[in-house]
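Hi everyone, thanks for making time.

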Amino acid sequence: MFKIFKVFVLLCLFPIASVNAQEAVNDPTKPLGFSGGTGTATGNAQETIQLTSILIADDRRVAIINGQSLRENQILKGVGATVKKIDADAVTLQQNGKVWRVALNNTAIRK
């Protein structure tokens with residue numbers, strides 16, 4: 001009888017645990033308009049990249065991606081993507097032959 005009660009309680013708690021797991025995935029601190037994924041280790045590289053700043057001077061171009069200061073042809077640690085090009089409003093990355101562009105999600109642009 002006690003085993004049946006334990007199974008019944010576990011079956012009742014399973015839907016509650018599923019709802020809590022989905023709520024944990026939704027991050028309320030992510031930037032507005034962020035279209036990235038869950039940030040889990042199983043997500044692809046495009047989902048885990050945050051471009052926060054771009055600096056373009058006469059002698060250098062630097063992008064801040066995931067907190068790392070990167071120049072062209074440097075590799076983004078933790079993701080393994082190479083910075084191919086830094087423009088004023090976006091960065092072009094390459095990984096495993098796949099090329100994609102990450103736009104700067106910032107309303108304040110200094111020139």
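How many salt bridges does a search of the whole structure find? The answer is 3. Keep in mind as we go that this is a predicted model.

Let's take them one at a time, starting with Asp87. Its side chain meets that of Lys85 in a salt bridge, at 3.7 Å from N to O. Asp87 also pairs with Arg101, and there the closest N and O atoms are 2.9 Å apart. Arg101 belongs to strand 6 while Asp87 sits in the loop between strand 4 and strand 5, so this pair ties together parts that are 14 residues apart in sequence.

Then there is Asp89, which forms a salt bridge with Arg101, with the closest N and O atoms 3.2 Å apart. Asp89 is also in the loop between strand 4 and strand 5, so its pairing with Arg101 in strand 6 links parts that are 12 residues apart in sequence. Through shared partners, Lys85, Asp87, Asp89 and Arg101 are joined into one network.

Which of these residues are buried, and which are partly exposed? Asp87 counts as buried, because its relative accessibility is 16% and the cut-off is under 20%. Lys85 is partly exposed at 44%, Arg101 is partly exposed at 48%, and Asp89 is partly exposed at 42%. As a general point, side chains of opposite charge can pair when their charged atoms come close.

Now for the nonpolar side of things. The largest nonpolar core has 16 residues, and the ones touching the most other members are Ile49, Leu51, Ile65, Val91 and Leu93. At least two residues of this core come from each of strand 1, strand 2, strand 4, strand 5 and strand 6.

What about strand 3? That strand covers residues 68-70, and Gln68 lies in it. Gln68 is buried, with a relative accessible area of 19%. Beyond its neighbours within four places in sequence, Gln68 is in contact with Ala63, Ile75, Leu76 and Lys77.

Last, a word on confidence. The average pLDDT for the chain is 77, and 63% of the residues score at least 70. Over residues 37-43 the pLDDT is below 50, and that stretch has 3 contacts in the model beyond near neighbours in sequence. Where pLDDT is low, the predicted coordinates should not be read in detail. Thanks, and I'm happy to chat.

Technical notes: Residues are numbered from 1 along each chain as its sequence is written. This is a predicted model: local features need pLDDT of at least 70, side-chain atom pairs count only at pLDDT 80 or more; totals for chains, interfaces and linings use all residues. Side-chain values use heavy atoms; hydrogens and water are left out. Helices (H or I, at least four residues) and strands (E, at least two) are DSSP runs, numbered from the N terminus. Buried means under 20% relative accessible area, exposed over 50%, partly exposed in between (1.4 Å probe, protein chains only). Contact means heavy atoms within 4.5 Å. A nonpolar core is a set of buried Ala, Val, Leu, Ile, Met, Phe, Trp, Tyr and Cys residues joined through side-chain atoms within 4.5 Å. pLDDT is the predictor's confidence in each residue, from 0 to 100. A salt bridge is a side-chain nitrogen of Lys or Arg within 4 Å of a carboxyl oxygen of Asp or Glu.
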